[in-house]
Amino acid sequence: MQVGYETVVGLWPEKVLKRRDFAYLEKVIPAEQRNVLGMPDEVRRVEHRDGSEILGERAARKALESAGLKPNDIDCIIAENCGGKYALPGVGCSIHQRLGFPSEVPVFDVRQGGASFPESSHLAWCLVLSGQYRRVLVVMVAAVSIGGLDKTSPTAMSISDGAAAAVVSSQNLKCEFLAHGARTESIIYDDCVVIMRAAEHPELLKEGERKFGLYVTLTSQFIEHQMKIAKDYVRDTLERAAKKINMELSDLDFVIAHQASLPLMRMWMVGMEEAGVSRTKWKETYQRFGGALNVDVGANLAELWQEGGLKKGSLVGLFGPGAGGHTSGLILRWLV
């Protein structure tokens, strides 16, 4: 049975912050982080307290409308929100309620961060193959500015809010999934996390600004680990998928990876070049959106499709490195 995306969409908030808005952070970036942090030209932010719920609803509606579907056509929802007004519950049940899904439609919330879009797609693929569900709606939401993004941390300058959504099924397919691969570097479980803590540089806060919150935290051990394995990171994960279908990575027409940081992506590209994948095959929008955690892989795939970059037969490799050390790779073939 062929399983893939009936549709995939991306959604970005209207508020734009530019590089100059983060000039105050330049003096607090540690020397060891300068090689792996990159400041994009722009990032997007959602301001409403219900920003996570609003983005999730809009992305879900956009996906259903794009595929000509209604809530009654969906059998299962897989969702994740990075940030938002609640630590629990996840945004999936809000999407369920706002769009009026039937009560028998289950909601699975995941927590893989940057790996969540390809890994949720893989999970949806398995669910459809099982015969338990016909169509699975996958929705990813990043709303870290609502969840308490530390304005004084260097990571604040490169993270965007946004949303992406897709419908996974065996019907009316735009693409088919070919293979999945994974790699888990759990040694960094404690080193790339979102935790409650005090602001990293409280001296940079203005009067009345929040001094505690849920903050994206990267340790020096995480930086060292990434520098050590960066060249192999994408190549190894996608090779694990490619071997399952006797495919060479050089056959890929496009690579779409989570935009963790521009310097890191450049190191990933070196490893892929050694496997015969040119940098010209990478789809990235870092200067416009920075890294959008669980969103940018799906949003960039949607943009590539909408721009006409994907042709019938195009082979695409999706790569997502997640918090905790899990990575996910998914290879798909475009059908239209």
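Me: Which residues in α5 meet α6?
Reply: This is a predicted model. In it, Q226, M227, A230, K231, Y233, V234, R235 and L238 of α5 are in contact with α6. On the α6 side, the partners are L264, M267, W268, V270, G271, M272 and E274.

Me: And by class, what is in that contact of α5 with α6?
Reply: There are 10 nonpolar residues, two polar and three charged.

Me: At what angle do α5 and α6 pack?
Reply: About 50 degrees, with the axes 8 Å apart. Here α5 covers residues 220-244 and α6 covers residues 262-274. At that angle, α5 counts as oblique to α6.

Me: Is the crossing of α5 and α6 left-handed or right-handed?
Reply: Right-handed, as α5 passes α6.

Me: Switching to α1 and α2. How do their axes cross?
Reply: At roughly 60 degrees, and they come within 9 Å. Helix α1 is residues 51-67, and helix α2 is residues 92-99.

Me: Which way does α1 pass α2, right-handed or left-handed?
Reply: The crossing is right-handed.

Me: Which residues meet there, α1 against α2?
Reply: From α1, they are E53, I54, G56, E57, A60, R61 and L64. From α2, they are S94, I95, R98 and L99. By class, this contact has five nonpolar, two polar and four charged residues.

Me: New topic, the backbone. Which peptide bond is cis?
Reply: The one joining L88 and P89, with omega at about 0 degrees. P89 sits in the loop between β4 (76-83) and α2.

Me: What about phi at N172?
Reply: Positive, about 50 degrees, and N172 is not a glycine. Most residues other than glycine have a negative phi.

Me: Where is N172?
Reply: In the loop that runs between β7 (162-169) and β8 (175-184).

Me: How many of the lining residues are nonpolar, polar or charged?
Reply: The second largest pocket is lined by nine nonpolar, three polar and nine charged residues.

Note on methods:
Residues numbered from 1 in each chain as written. Predicted model: local features only at pLDDT ≥ 70, side-chain atom pairs only at ≥ 80, totals over all residues. Heavy atoms only, no water. Nonpolar A, V, L, I, M, F, W, Y, C, P; charged D, E, K, R; others polar. Axes fitted to C-alpha atoms, helices over the stretch in contact; angles between N-to-C directions. Helix = DSSP H or I, 4+ residues; strand = E, 2+ residues; numbered from the N terminus. Parallel < 35°, antiparallel > 145°, perpendicular 65-115°, else oblique. Left-handed = near helix turned anticlockwise from the far one by under 90°. Contact = heavy atoms within 4.5 Å.
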